[in-house]
Amino acid sequence: VQLQASGGGLVQPGGSLRLSCAASGSIFSINAMNWYRQAPGKQRELVAAITSGGNTNYADSVKGRFTISRDNAKNTVYLQMDTLKPEDTAVYYCSGVVTNTARATTNYWGRGTLVTVSS
């Protein structure tokens with residue numbers, strides 16, 4: 001099983017970006033999918049989470065600006081980021097609790113994608 005994140009880049013303050021994270025491989029089911037971020041010199045923090053049923057949870061710092069969603073048919077989770085601020089600059093990572101076809105459940109991580117908010 002692999003998770004592949006994409007969509008990062010450079011954006012001006014107030015702008016928007018959409019991150020995607022696609023899971024592939026021998027997947028039986030995916031439970032929670034999450035987005036984390038790690039800014040330079042800081043610990044990794046949970047940004048947003050979504051269950052298989054669509055229930056969501058957000059860090060206070062992004063509530064009202066970021067939206068997490070998922071397409072279960074595509075095994076993909078998205079993070080729509082609006083009204084971006086310089087403090088949103090970080091490497092963003094996706095993770096997913098995946099049950100593979102051998103019925104083993106593991107929390108997988110994707111490689112990070114860099115988001116830079118700067119004028």
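Visitor: What joins the side chains of T99 and T105?

Guide: A polar contact of 2.8 Å. The term needs a pair of N or O atoms within 3.5 Å; within protein, one must be able to donate a hydrogen and the other to accept it, and residues adjacent in sequence count only if both atoms are side-chain atoms. At 2.8 Å, the T99–T105 pair is within that limit, so the name applies. A word on the source: this is a predicted model, where local features need pLDDT of at least 70 and side-chain atom pairs count only at pLDDT 80 or more, while totals for chains, interfaces and linings use all residues. Residues are numbered from 1 along each chain as its sequence is written, and side-chain values use heavy atoms, with hydrogens and water left out.

Visitor: Where does T99 lie?

Guide: In strand β9. Strands are DSSP runs of E, at least two residues, numbered from the N terminus.

Visitor: What makes β9 largely enclosed by the rest of the structure?

Guide: Nine of the 11 residues of β9 are buried, so the strand is largely enclosed.

Visitor: How many bridges join β9 to β11?

Guide: Three, again with antiparallel strands. V91 stands opposite L114 in β11.

Visitor: What do β9 and β10 form?

Guide: A hairpin, with four residues between the strands. Their pairing is antiparallel, over five bridges. G96 stands opposite Y108 in β10. R103 in the turn has a positive phi of about 70 degrees, although R103 is not a glycine.

Visitor: What is the order of the four strands in the open sheet?

Guide: β1-β3-β8-β7, with antiparallel pairing.

Visitor: What makes β1 and β7 edge strands?

Guide: Each pairs on one side only. The twist averages 15 degrees from one strand to the next. Such angles run from 0 to 180 degrees between N-to-C directions, with axes fitted to C-alpha atoms.

Visitor: Which residues touch the most other members of the largest nonpolar core?

Guide: W35, V47, F66, I68, L79, M81 and Y92, out of 31 residues. A nonpolar core is a set of buried Ala, Val, Leu, Ile, Met, Phe, Trp, Tyr and Cys residues joined through side-chain atoms within 4.5 Å. Strands that each supply at least two residues of this core include β4 (27-38), β5 (45-50) and β9. Beyond four places in sequence, M81 touches residues including F66, Y92 and V115.

Visitor: Why is the pair of E45 and R37 called a salt bridge?

Guide: The closest N and O atoms are 2.7 Å apart. A salt bridge is a side-chain nitrogen of Lys or Arg within 4 Å of a carboxyl oxygen of Asp or Glu. 2.7 Å is within 4 Å, so the pair qualifies. E45 is partly exposed at 33% relative accessibility, while R37 is buried at 6%.

Visitor: How far apart are the closest N and O atoms of D88 and R37?

Guide: 2.9 Å, in another salt bridge. The pair links distant parts of the chain, 51 residues apart: D88 is in the loop between β8 and β9, and R37 is in strand β4. Both residues are buried.

Visitor: Which residues are linked in a network of salt bridges?

Guide: R37, E45, R65 and D88. The structure holds four salt bridges. One of them joins D60 and K63, at 3.2 Å. D60 is at 65% relative accessibility, so D60 is exposed. K63, at 49%, counts as partly exposed.

Terms used: Two strands pair if DSSP finds at least two bridges between them. Buried means under 20% relative accessible area, exposed over 50%, partly exposed in between (1.4 Å probe, protein chains only). Contact means heavy atoms within 4.5 Å.
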